[in-house]
Amino acid sequence: MSEFKAHEQPEGDTLRLAFEGTIDEDVVFPPIDPSKFKKIVLNLKAVKSINSVGIREWLNWIRPLAEKADFVLENCPKAVVFQFNMVEGFLPARSTVSSFFVPFYCEKCDKEDSVLFNVGKEIKANAGKIEIAFDVKASGICEDKANAASCEMEMDVTEAKYFQFLKR
C-alpha cells in the first residue's frame, strides 16, 4: 500500500491542498464540497509518481470539482507534467498551472537537477508560442564551484513536447 497524504488549508473561498506521495490504486483523495470554494490551489511538489489507475482516480476526483471551482496547480513535478500532455482532461479546462519543475542534466558533471519554472517569469506562453527566459549558467544550478564555469546544464526534455500544455 502506497502512502498518499493530502493537507488541507481553507482560506476564505479558496482551498489550498498539498498532495504528497504516490497517486495510484490506493489513493484516497479528500472529499471536497465545491459549493464552499471558488478556487482550489493544488501544491503537487511532493507527488512522487502516478500510475494508470491513479490517473483514473484523479480524473474521477477532479472532473466534478472543476465544473464548479477554478484550479491553480503549483510546483508540478515532471510526473504530473507528463500527464498534462498525455491525458485529456488531466488538466481541467478551468485550471491554470502557476509553476512546474523542469529536469536539467549536465554531462560534464553527471548531475541532474529540477528547476522550478514560474509561468510568466521563467517561461511565458504568448499566442501559442513558448518563450523561455531562463539562463542556466546564471541560475547557479551547479554547486561545484570549481567546475561551475564549465558546467553545461541543459534541459533534459524535448521542449516542444514538455511545454505543450502551456499552449492550451
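## A bridge between two strands

Phe 104 has Met 155 in β10 as its bridge partner. Strands here are DSSP runs of E with at least two residues; helices are runs of H or I with at least four, and both are numbered from the N terminus. Strand β6 (residues 99–106) and β10 run antiparallel and are joined by 2 bridges. Two strands count as paired if DSSP finds at least two bridges between them.

This is a predicted model, in which local features need pLDDT of at least 70 and side-chain atom pairs need 80 or more, while totals for chains, interfaces and linings use all residues. Numbering starts from 1 along each chain as its sequence is written, and side-chain values use heavy atoms, without hydrogens or water.

## Two open sheets

β6 and β10 belong to an open sheet of 3 strands, ordered β7-β6-β10, with antiparallel pairing. Its edge strands are β7 (111–118) and β10 (154–155), and each pairs on one side only.

Another open sheet has 5 strands in the order β1-β2-β3-β4-β5, with mixed pairing. β1 (4–11) and β5 (95–97) are at the edges with a single partner strand each, so one side of each has no neighbour in the sheet. Inside this sheet, β3 and β4 are parallel and share 5 bridges. Leu 42 stands opposite Leu 73 in β4.

## Helix α1

How does the span of α1 compare with 1.5 Å a residue? Its 15 residues should span 21 Å, and the end C-alpha atoms are 20 Å apart, which agrees. The expected span is 1.5 Å times one less than the number of residues. At the start of α1, a side-chain oxygen of Asn 51 comes within 3.1 Å of the backbone nitrogen of Val 53.

The buried residues of α1 include Trp 58, Trp 61 and Ile 62. Buried means under 20% relative accessible area, with a 1.4 Å probe and protein chains only. β2, β3, β4 and α2 are among the elements that cover the buried residues of α1.

## The nonpolar core

Nonpolar side chains tend to be buried together in soluble globular proteins. The largest nonpolar core here has 47 residues. Such a core is a set of buried Ala, Val, Leu, Ile, Met, Phe, Trp, Tyr and Cys residues joined through side-chain atoms within 4.5 Å. α1 gives the most to this core: 7 residues.

Phe 100 is one of the residues with the most contacts inside the core. Beyond its neighbours within four places in sequence, Phe 100 is in contact (heavy atoms within 4.5 Å) with residues including Cys 76, Val 115 and Phe 163.

Terms used: Buried means under 20% relative accessible area, exposed over 50%, partly exposed in between (1.4 Å probe, protein chains only). A polar contact is a pair of N or O atoms within 3.5 Å; within protein, one must be able to donate a hydrogen and the other to accept it, and residues adjacent in sequence count only if both atoms are side-chain atoms.
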